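Reader: I am new to protein structures and would like to learn how to read one. Could you take me through this one by question and answer?

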Amino acid sequence: FKNGTADILNLSSLYGYKLSDKFAISGLGELNTSLENFLSPGTFDFGDGATWTPTSNMTIVIHPFNYHLAFSGVDGVDSQGALGAKIRWDYLLNFSISTKEIQWTTTLTTFIPYQSKTPTLFEYTWLNGISFELWKGIGIGYNFGIRNAEFESESTQSYHSFGVTYNF
């Protein structure tokens with residue numbers, strides 16, 4: 001277990017065409033890296049598939065036509081790409097205790113490659129966050145994440161963050 005600073009940048013964009021209130025054909029682009037070591041390591045995904053919103057606070061994205069680029073930050077390991085499936089699940093829950101708003105979010109993302117490589121490009125990230133509103137959308141928050149990506153590290157990584165939040 002290593003101690004360090006969590007320096008994580010995740011940019012994600014989902015665009016779709018609604019087929020019904022709950023289903024859409026969609027495209028997703030996602031960048032995962034750090035600010036200090038931009039794309040060393042890092043990943044970039046882009047793909048097509050479908051998005052399902054079974055409830056107003058849950059979104060499930062399944063993109064079986066996804067290209068995953070993994071940029072290496074490890075000596076002796078080349079950057080590589082692969083076709084595979086990208087799956088993302090987002091859930092948001094707002095509730096109140098007394099007069100204070102609390103928001104809990106969870107996001108699970110995974111990439112499942114269609115071909116086996118060494119190191120494997122299979123990966124998953126699970127993020128959980130809770131924030132407490134103190135005044136007019138400004139609050140404090142705590143986040144916890146676990147990530148397993150053999151391409152970046154042989155062991156599962158975990159991280160915590162605590163700080164100021166702002167909800168729109």
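This is a predicted model: local features need pLDDT of at least 70, side-chain atom pairs count only at pLDDT 80 or more; totals for chains, interfaces and linings use all residues.

Reader: How many helices and how many strands does the protein chain have?

Author: Both kinds of element are DSSP runs numbered from the N terminus: helices are H or I with at least four residues, and strands are E with at least two. Read from the N terminus on, the elements of the chain go β-β-β-β-β-β-β-β-β. The count is zero helices and nine strands.

Reader: Which strands stand at the edges of the sheet, and why is one side of each left without a neighbour?

Author: Two strands pair if DSSP finds at least two bridges between them. The nine strands form an open sheet with antiparallel pairing, in the order β1-β2-β3-β4-β5-β6-β7-β8-β9. Each edge strand has a single partner strand, so one side of it has no neighbour in the sheet; the edge strands are β1 (9–18) and β9 (157–166).

Reader: By how many degrees are neighbouring strands of this sheet turned against each other on average?

Author: Axes are lines fitted to C-alpha atoms, for helices over the stretch in contact, and angles run from 0 to 180 degrees between N-to-C directions. For neighbouring strands of this sheet, with direction ignored, the average turn is 20 degrees.

Reader: How many bridges join β7 to β8?

Author: Strands of a sheet pair through backbone hydrogen bonds, either parallel or antiparallel. β7 and β8 form a hairpin with two residues between them, and Lys136 in the turn has a positive phi of about 50 degrees. β7 and β8 (residues 138–149) pair in the antiparallel sense, and their bridges number 12.

Reader: Which residue in β4 stands opposite Asp48?

Author: β3 and β4 (residues 58–71) run antiparallel and are joined by 11 bridges. The residue in β4 opposite Asp48 is Phe65.

Reader: Is Arg88 buried or exposed?

Author: Buried means under 20% relative accessible area, exposed over 50%, and partly exposed in between (1.4 Å probe, protein chains only). Arg88 sits in strand β5 (residues 80–97). Its relative accessibility is 13%, so Arg88 counts as buried.

Reader: Which side chain does Arg88 join in a polar contact?

Author: A polar contact is a pair of N or O atoms within 3.5 Å; within protein, one must be able to donate a hydrogen and the other to accept it, and residues adjacent in sequence count only if both atoms are side-chain atoms. For Arg88, the polar contact is 2.8 Å, and the partner side chain is that of Asp90.

Reader: How are the rings of Phe23 and Trp52 arranged?

Author: Rings of Phe, Tyr and Trp (its six-membered ring) pair if their centres lie within 6.5 Å; planes under 30 degrees apart count as stacked, over 60 as edge-to-face and the rest as tilted. The whole structure has six aromatic pairs. Phe23 and Trp52 are 6.1 Å apart centre to centre, with 10 degrees between the planes, and the arrangement is stacked.

Reader: How many residues apart in sequence are the parts that this pair ties together?

Author: Phe23 is in β2 (residues 23–33) and Trp52 in β3 (residues 42–55), so the pair ties together parts whose separation in sequence is 29 residues.

Reader: Is Trp135 buried or exposed?

Author: Trp135 lies in strand β7 (residues 123–135). With a relative accessible area of 56%, Trp135 is exposed.

Key:
Residues are numbered from 1 along each chain as its sequence is written. Side-chain values use heavy atoms; hydrogens and water are left out.
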